[in-house]
Every structure is written in structure tokens, then in C-alpha cells.
Amino acid sequence: MGTNRKKWIRWPAPPFSGVPGFRASGERRSTDFPPADCTGQSAGADFRSPLRDFLRTETGSAAVLVAAAVVALLWANTEPAAYTSFWETHLSVGIGARGLSLPLREWINSGLMALFFFVVGLEARREFDVGELRDRRRLVLPLVAGISGMAVPIALYLAVNAGHPSAHGWGAAMSTDTAFALGMLAVVGRRLPNGLRIFILTITVVDDFLSLGVIAVAYSEQVEAPALLLSIGVFGVVLLVRALKVRRGLVYALLAVVAWAALLKSGVDPVVIGLAMGLLTYAYPAAREDLEHATGLFRSFREQPTPELERSVRAGLASALSPNDRLQGLFHPWTSYLVVPLFALANTGIPLDAEQLERAFTSPVTLGILVAFVLGKPLGIVGASAVTYWLSRGRLRPPVGWGAVTAGGTLAGTGFTVSLLIATLAFDGTLLQDAKIGILSALVASFLSSRLVTAVIAALPVSLRQRALLGDAEAITDLVVPVDPDRDHVRGPRDAPVTVVEYGDYECPYCGQAEPVVRELLGDFGDVRYVWRHLPLTDVHVHAQLAAEAAEAAAAQGRYWDMHDRLFSHQGALRLDDLRKYAADLGLDTERFDQDLRSHRGSGRIAEDVESADRSGVAGTPTFFVNGRRHHGAYDITGLSAAVRAARERAAADARRDR
């Protein structure tokens, strides 16, 4: 008892007028009191984007990464002998007479880093299946930019190191660090478009994938063929198990560990298996049928809380999410906040003094890495993007403006994790120390050059600044069924440049929380139109379908928005008698209204909305789309206003392009 209490709350009158169909009732509403953070959803759907979560975690982990690098430098310069001996301590793991004995640093570089690349592979696969890269045309330009963004730095490094034995360390001068790049973007690029984050992320995934190929081919020890063939055979078994649709994670984990051990014995760097396993892991949005099945299991458990049903509920909830989403949510925080910082702690500790710094900055290794990252990365990325744009006659263009692409190129000059990994494979002694100094110096130089680029962009006139940031690429559309003003329920100017679509449920408490936010949004922006589409979640809200049909019955008499407002004003009273009373209060023809409800006249229209939601990957309510792009994040006035402003700027850029 007392677990489903209702609260009476009074919503303030909306601060606007003149919106067609709006009626300020100021009435009390009986509703389940939702959380106050405006981020919830009904039907158990996760309102947050996996990509947004990924970026947020990477951004936060950059600070931890910097701290670990600083600690390593302090440790190595105060207690150099203790630092070296600690990481050279051997750790043995074995079963019976067989086992592995590796230094702690090697366990991190070859073991834990395989988990890091597994997460990189997961994110790459998710973007390919359900993210920006599901439109395969959008893969071409970042792929070319990623390859060029490695080739140009390599060429510059080889030019600086020509004739020196250090030339074989070219692999240390080519790879961007995802955590640092996105972390610095959060610091220097708060006004840069969101599309730049995805562009950088795609480039870094290409970067990491090719870097692992370089490690496997150019920086592996003498290869032992039997162990390599064993690892290939085990990976073949992984493909077979996947084809048989086996969903037991333990099976894949055991096979991955065997393949990792075989690669380690073969002399090929075993982190390759991590990326391969991540790329094999499917990503897909939660399906309505799976969510309804999970709801049914939970109801069964509520009626009979047995251990068997508890296991069924957990399995049902897990199966509603894709393996990619579950594994990324499980491992990504660990790799970002533990694995990569441990890698930094184990590998960035180098003794620093004036004599060593003077020697390093005359060393071709340090200078080659510095030039490669600070000049080679932006030249390679921006140059390849421009050439691709020109050769395709504008059909292939970056998702952001050229100013933002330039900022992305300078941010991509942050080599750290993979660069240090390759440096430890290619060098030792003094050359390794010079390489580490070059990598750390490039981080600082890239940060400063990125600040310079963003400052130049900020100094441009408004029209030029918007063009430099947004460009003229067509935005990908998440809303599969476009808005039809002659069919959809529209509130606001029909020809408004910004359209906000909400899939909602009249009994959903989170939709009730979002409703006054939408009203305020329409009051603040006179050039926004709002569209409501029905998504009654009948498995959790028993009156939602009837309420939606009541709104359609009112629409048949030209009073849709009046009934819409009345239903939200009384979310806790949506029975048939309640709906009849609302119709009478609104002055509707109650006999016709009652007949439309009995004949389910509006059910076909509602079914069309539900089908359009399914086609757009919508599983929970409320779900918002702003100019066809799904809105990820809080649906408070701040979050939605920011999305509307961005859409308005994009619409203005599109209008300029069309002219």
C-alpha cells in the first residue's frame, strides 16, 4: 500500500497567447507524480542516446586520464627506480602446468587494452547499425578523412626521420586518442555543432581499426604459425556460434579469451581480438514486442514473486536491449575510468630534466611526432574532406561546416593511447622517452591550436560563422513518416521553419510533465509548430487507447486541441464516464461523441501513428523529434529550447543553400 500515490498539482498558466487551438485551463490535474528531472520515459525505454552516453563518459574520463598521466610523471621523477620495478613485476596466471607470466605493464598493454578496443568496436558497430553511419553514404567521407589523417602524419614523420634508425617508429605518429579528442572538444568547442562529435568519433574509429592492423602487421614479434592458426580457428568458431544465434555471453567470453591467449603466443598483439569481437556485436533499437513481453513477465512476477519468475524477468529485460547496448553499458565506464588511466599510469612515466628536454626537442623522434600530430592531422583530415567534396561535385560533404572540420582536424592531433602503445612496441631506452615527450607535447600543442581555430570562428560575422560551423550538408532524418499538415494535429504556424513532433500517451505521467514545457516552448518561439502523434502504451496504461480515441472523436467535431488539453488536465480520470463529461463540458455533440467512441472511429488513425512510431524506432513516451531529428536528452525547457535553436540555425543554413 502507498506505493502508487497520486498528488494534486496545479500547473501554472502558460506564458503565451495566440497559439491556435490553445486553451489555458489552469485546472488541477490528478496524475502520478513523475521525477522532476524531465528525463524519464514510460515503457521502460531509455530516453538517453547510447551515443550521448558514450560521449559523456569519454569526456569525463579525459580528466581522469590527464590525472593519471600527471601522477605517472610525478612518480617517475620522484621515485624512478620504484616506478620501473613496480611495472616490471611479474604476475602469473595458470591452470595446472599451463599458464602465463607477464610483467604488470604487459598485462595492461596486451590484456586490459583488448577490453578497451572491444568497447571501441562496440561503438563502431552501433553507429553502423543504428547511428549516423546507417546511411552508408555518410561513411565514405570520414573513412577517407580517417585514412588521410593517418597517411599525412606518417609521411611527415618519415620526412623528419629520413636516414635515421628511428624511422621504423612511424606508427606512433598516426593515431588519435578518442578520450582526449572528445574531452578537449567539450572544453574548447562548446559552440561547435553536435555533428562534429560524431564526425570525430567516426574518424577515430577508423583510426583505431587501421592502427590495430598496423600493430598486427608491422609491430608484432616473429609470428608462430601454429598459435596464429589456432586463434583464427577459434575466431571461426565465434562466427559459427554467432550464426547459430547463441546469446550466452559466457560462451563468447571464453572463446575470446582462448583467441587472445593464442594471439599472445603467436607474437601478434592480442588487442586485435577485442576490436574484432566488438565489431561482431549487433546493435538495434528496443522493439515494442520485446518491451511488452518484458512488461508481461514483470506482471507475472508481481503476482507470483518466485525465483523462477525473477530469472525470467531478468532474462526478458536483458533480451529487450541489443547485446551491443548491454555490453557497452557494462564495460565502457570500466575502460574509460580504469583501463585507459591505468595504461597512462604504466606508460607515461618518464624522467624529465632540462638536459633531457633539450635533447628530446632536437631528436627527430620528438620533432617527427610533434609535426605529425600538430600539422599532419589537420592537413590530412581537412585536405581529404575538401578533395572528396570536390571530386564528388558536392555529393559527398562533411556533416558540419568547414570551420568546424578544421577544428576537428586540430582536435584529432591528440595522440595518446594507441600512440603510446605503438611507441612501447617500436622503441626502448632513450628513443622511447623521446617518443613519449613528443606525444605529450603534441597534446598541449593541439589544444592550443584548437583554441586558436575556435577563436577565429567566433570572431567571424554571424552569417559567416553559421556557415563555417553548420555547412550545407543535408541532415539525416530519424522521423520516417514526415509531418503532413493536412493530416497531423498541428499547433502553431503551419509554415514554421521548426517542427517539434511528440509521440505521447495521455495516461503517461512523463508526457504530463512534458506538456507545460511544450506550452512554454511555443510561447517563447513564435516560429515553431508542434505536432502530437498517438502512442498509447496499452500494456502499462489501460486507459491510454480510450483517451486517444476520445481526442480523435473531438477532432471529428473540430475540437481536438481542447480535448487534448482537457485530457492532460485530468490524467488520473480517463474512464469512459469521465470522457463523456469532458465532451459535455466542451460543448460537443455528446451523442455523436459517444457513437464515435463505441464504433472506435479514431482507432485507424491511432494505429497509423503507432505504425509510424515503430518505423521510426520509437518504443517509449514521450519521444520528441525536432525537424525530423530525434531529440536525445532532457525534455525540460532548456533542453528543448537548445534543440529548437539548433534546428532553426540549420533551417536558415538550408535556406541559404537552396538560394
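**Aromatic rings**

Biologist: What does Trp75 count as, by relative accessibility?
Modeller: Trp75 counts as partly exposed because its relative accessibility is 23% (buried is under 20%, exposed over 50%, partly exposed in between; 1.4 Å probe, protein chains only). Phe86 is also partly exposed, at 37%. This is a predicted model, with local features needing pLDDT of at least 70, side-chain atom pairs pLDDT 80 or more, and totals for chains, interfaces and linings using all residues. Residues are numbered from 1 along each chain as its sequence is written, and side-chain values use heavy atoms, without hydrogens and water.

Biologist: How many aromatic pairs are there in the whole structure?
Modeller: There are 15, counting Phe, Tyr and Trp (six-membered ring) with centres within 6.5 Å; planes under 30 degrees apart are stacked, over 60 edge-to-face, the rest tilted. One of them is Trp75 with Phe86, a tilted pair with 5.5 Å between centres and 50° between planes. Trp75 lies in helix H1 and Phe86 in helix H2, 11 residues apart (DSSP runs from the N terminus: helices H or I, at least four residues; strands E, at least two).

Biologist: And Trp532 with Phe568, what kind of pair is that?
Modeller: Edge-to-face, 5.5 Å centre to centre and 85° between the planes. Trp532 is in strand S7, Phe568 in helix H21, 36 residues apart. Both are buried.

Biologist: Which residues do ring pairs link into a cluster?
Modeller: Trp75, Tyr83, Phe86 and Trp87.

Biologist: New topic: which ring does the charged end of Arg242 sit over?
Modeller: The ring of Tyr282, 4.2 Å from its centre (the cut-off is NZ of Lys or CZ of Arg within 6 Å of the centre and 35 degrees of the ring normal).
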